Amino acid sequence: MAGVGLITACGSSDEDSPDVPTVAPATAAQAPASPAAAPAGSTVPAPAGARALAASGDTVGVVSPDGRQLLRYDIGAMTTPPTAIDIPEVTALAAGTDGGYLGVGPGSLVVVDAGGSVRTVDLDAESPTAVVEASTGDVVVGTADGRVLVYDKDLQKDHDIDSFVRVDALTAAPASADGLDGQVVVLDRAQSSVTPVDPRSGELGPALRAGNGATNSTVDRFGRVLVANTRDGEILGFFGSPLVMRFRYPVADGPYAVDYDDTRDLLWVSTTGNNEVVAYDLADGEPTEKQRFDSVAQPDRIAVDSAGAVYVLSAREGALQVVPAPGTSPGATPVGPGR
């Protein structure tokens, strides 16, 4: 991981805005040269250097190393070669509605529907880093230079918010999250912060510090925003409007990629320093470890489908790991909180 280095940077286009303290953005802990054990579940070929991973509907999507193909794996037939869909260059991917995908790349917002049809919209950004669809139907895009762009249901730009140093991850509270009214939360690695955004008004809520090295985030069905604080070795939980930190919990070996299983209410976290993936139950408000398994090398990306199966993409090798839903996966070990 990158070391901490306090610098100052302006996170707004307003010349009178004060400088904000920043840190060197954290990165994934380096995995061991060779995994200690064989990966749990099964693996299928995927391009080495693939850019992104997401699960949507009945498919799992991987973006090719050059960003110009979406490879869709059929969840019911993972050993079958994926369907390759040609797209404009994409640097970030997210699940869309009805089994489709959203992608963003230099100058393009890409929508791939469940049938594989591709729609492209001009995007006023050359360095997009994240995309998410809010429960309001708005599409929210983050950029490397700290902007948040909001597009309405017709993909017309509504807001251009220039208030961050960088935008590294976006989460959107689902419609099931009472009282959050479509809240989107921005994770800025340079500020190691989380900030709520109202996609309809474009207004920002108060920013909260997320340790000293936050890297990735996900959201559960209640609207809790769950963050990997990689540099400090912990996971953080935030909730509410205004946003409040609800827990911080130590996790060894470099917590990095995160995703949530809404079916079984489990937070899945990859720990790249030891090539493992761990599941936590958050029912009591504090994480309780429930399961862990050995992963592919350098598990920098994970995704969970609607049935609870976990997919792990190696950042080092050409492999996509498939671990069936908890309780049915060979090699995944249920544990109590003491392990």
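The following legends describe close-up views of a predicted model.

**View 1. An open sheet of four strands, E16 to E19.** The strands of this open sheet follow the order E16-E17-E18-E19, and their pairing is antiparallel. Strand E16 (169-172) and strand E19 (208-209) form the edges, each pairing on one side only. Strands of a sheet pair through backbone hydrogen bonds, in either a parallel or an antiparallel sense. Between E16 and strand E17 (residues 184-188), the antiparallel pairing extends over four bridges. Leu-187 in E17 is the bridge partner of Ala-169.

View 2. Ser-108 belongs to strand E10, which comprises residues 108-112. With a relative accessible area of 12%, Ser-108 is buried, because the limit for a buried residue is under 20%. Leaving aside residues up to four places away in sequence, Ser-108 is in contact with Pro-88, Gly-103, Thr-120, Val-121 and Leu-123.

**View 3. A salt bridge between two loops, Arg-51 to Glu-89.** A salt bridge joins the side chains of Arg-51 and Glu-89, with an N to O distance of 3.0 Å. Arg-51 is located in the loop between strand E3 (42-45) and strand E4 (52-56), and Glu-89 in the loop between strand E7 (83-86) and strand E8 (92-95), so the pair ties together parts that are 38 residues apart in sequence. Arg-51 is partly exposed, at a relative accessible area of 23%. Glu-89 is likewise partly exposed, with a relative accessible area of 23%.

View 4. The side chains of Arg-147 and Asp-160 form a salt bridge at 2.7 Å, N to O. Since Arg-147 lies in strand E14 (residues 147-151) and Asp-160 in strand E15 (residues 157-162), this pair ties together parts that are 13 residues apart in sequence. Arg-147 counts as buried at 14% relative accessibility, whereas Asp-160 counts as partly exposed at 38%. Both residues belong to a network of salt bridges that links Asp-124, Arg-147, Lys-157 and Asp-160.

View 5. Arg-292 and Glu-276 form a salt bridge in which the closest N and O atoms are 2.3 Å apart. Arg-292 is part of strand E27 (residues 288-294) and Glu-276 is part of strand E26 (residues 276-281), so the pair ties together parts that are 16 residues apart in sequence. Arg-292 is buried, with a relative accessible area of 14%, and Glu-276 is buried, with a relative accessible area of 12%. The model has a count of 13 salt bridges.

Definitions and conventions. Residues are numbered from 1 along each chain as its sequence is written. This is a predicted model: local features need pLDDT of at least 70, side-chain atom pairs count only at pLDDT 80 or more; totals for chains, interfaces and linings use all residues. Side-chain values use heavy atoms; hydrogens and water are left out. Two strands pair if DSSP finds at least two bridges between them. Buried means under 20% relative accessible area, exposed over 50%, partly exposed in between (1.4 Å probe, protein chains only). Contact means heavy atoms within 4.5 Å. A salt bridge is a side-chain nitrogen of Lys or Arg within 4 Å of a carboxyl oxygen of Asp or Glu.
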